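Let's sit down with a structure and learn to read it one feature at a time. Bring your questions, and we will work through them together.

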Amino acid sequence: MKHSTVTVAKDPSRPRGNRASHLKYRRSPFLVCYWSGKQLLIENFATGQRIGAAPLAITVLNFFDRWRSLREFLSQFTEYQAASLHDSLDLLVKHSILERSDRKPSPNERAMQSWAPWNPAAGFFHFSTRDVEFEAGLDEEFTVLRRLARIHPKPSPVKRYPRAKKVRLDWPKVGSEFPRVLLARRTWRRFSKQPVELAALGALLGLTWGVQGWIDIPRVGPLAIRTSPSGGSLHPIEAYLLARNVRGLRPGLYHYDGAAHRLDMLRHGASSRQFVRYLEGQWWFGGASFVVFMTAVFERTQWKYDYPRAYRAVLMEAGHLCQTFCLTATWLGLAPFCTIAFKDSLIEQALGVDGVSESVLYAAGAGTPPPDETQAHLGTMGAQVRWRR
């Protein structure tokens, strides 16, 4: 991320010119400061703006702990050139490090007020991990992996204690249906042109995101019961369906109402190109029949858990639901996939959510398996699977 640098030159000269006396300034409540090498960086994580600064900038920001006027600022730092102070102030405002009384906060900054108990830890992580660029293709990705493995060998996939006493366990029997579903789950990258049946889609949505029942808590209200766990049974995750090739369902964008078990159409139309665009150029998912975008309505969790660790719970719950989705899809004979490589802001714009009070966290989709289904999930990796006997 590129950034400007704030510097202030020393000079006891008097301020030049006049500025509107009614203007006041205050530091943003969404700031973090850290060093990158020898450079001090100040970042507003709600807006994504960042500047490089001299340590004096911390003193300036400390001065603006509340609304203060330009006159107060100049009288406090008389040993510095007035012109330099003016320029520094403008730069801090431009990069949203300082707020100015005649300017409204950005939509993200207004929405982030509800995150106050979670900030800065959760807010900084949330915004720092949005709209990330990813590798464009499988071939490029594995070229990078092979190069990386030559420079730094891959860490061991398992941990061992050679000197510990060993207790041998029998491997689980896999003859029944549930173990077979677990072992059959894969990430698929190729799909047939056959549509997914609406009944299968309905079963998948209902068993993953559908409300199975309610618990009525006196003087609190009803709590939903779903097939995946949720902290406090608050269930912050919502599901939006982008359907392209489902028999009996018009292509388009839908919201899944888990309580009523129905789809609400938000927008007509869906295409393979749209799938690829939303999923960061991952062309191998363009042949899927549908993709589900999981969003989090954060206030549901924030209502009870007013500490930033709860942000972890929201992420974990998206993971719980995704595994339920993948296993259920496998059980239904579908070819599921999931990914966190997607264009956050583009998807949120399509969904009509702001990315703060409600934000996309995960994407999962499926299609029908191609005829050569035994190898289709491997895509172009060229990998070989060794099964334990």
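The dialogue below goes from the whole chain to single residues.

Q: Where do I start, and how many helices and strands does the chain have?
A: Start with the overall picture, keeping in mind that this is a predicted model. The chain has 13 helices and 17 strands. Of its 389 residues, 44% are buried.

Q: What share of the contacts with a separation of 6 or more joins residues 24 or more positions apart?
A: That share is 72% for this chain.

Q: How do I read a helix pair, and at what angle do α8 and α11 pack?
A: Look at the angle, the axis distance and the handedness in turn. Helix α8 (residues 198–209) packs against helix α11 (residues 310–331) at about 145°, and their axes are 9 Å apart. The crossing of α8 past α11 is right-handed. On the α8 side, L204, L207, T208 and W209 make the contact, and α11 supplies L321, T324, F325, T328, A329 and W331. By class, the contact residues are seven nonpolar and three polar, with no charged ones.

Q: Which residues line the largest cavity?
A: The lining consists of R226, S228, P229, S230, H235, P236, I237, E317 and L321. Four of these are nonpolar, three polar and two charged. The space inside is about 40 Å³, and a search of the whole structure finds one cavity of 30 Å³ or more.

Q: What should I look for in the backbone angles?
A: Look for exceptions, because most residues other than glycine have a negative phi, and most peptide bonds are trans. H235, from the cavity lining, has a positive phi near 45°. H261 also has a positive phi, of about 55°. For the peptide bonds, see N119 to P120, which is cis with omega near 0°; P120 lies in the loop between α4 (107–111) and α5 (121–128).

Q: Are those two histidines buried or exposed?
A: H235, in the loop between β10 (221–225) and β11 (237–243), counts as buried because its relative accessibility is 10%, under the 20% cut-off. H261 lies in the loop between β13 (252–257) and β14 (262–268), and its relative accessible area of 45% makes it partly exposed.

Q: Where is E99 found, and what does it touch?
A: E99 is found in strand β7 (residues 98–100). With a relative accessible area of 12%, E99 is buried. Leaving out residues up to four places away in sequence, E99 touches K24, Y25, R26, R27, S28, P29 and W67.

Terms used: Residues are numbered from 1 along each chain as its sequence is written. This is a predicted model: local features need pLDDT of at least 70, side-chain atom pairs count only at pLDDT 80 or more; totals for chains, interfaces and linings use all residues. Side-chain values use heavy atoms; hydrogens and water are left out. Axes are lines fitted to C-alpha atoms, for helices over the stretch in contact, and angles run from 0 to 180 degrees between N-to-C directions. Helices (H or I, at least four residues) and strands (E, at least two) are DSSP runs, numbered from the N terminus. A crossing is left-handed if the near helix is turned anticlockwise from the far one by less than a right angle, and right-handed if clockwise. Contact means heavy atoms within 4.5 Å. Ala, Val, Leu, Ile, Met, Phe, Trp, Tyr, Cys and Pro count as nonpolar, Asp, Glu, Lys and Arg as charged, and the others, Gly among them, as polar. Buried means under 20% relative accessible area, exposed over 50%, partly exposed in between (1.4 Å probe, protein chains only). On a 1 Å grid over the protein atoms alone, a cavity is a set of points where a 1.4 Å probe fits but cannot get out, and a pocket is an open set with protein on both sides within 12 Å along at least five of seven lines; lining residues have an atom within 4 Å of a point. Grid points are joined across faces, edges and corners, and a volume is the space filled by probe spheres set on the points.
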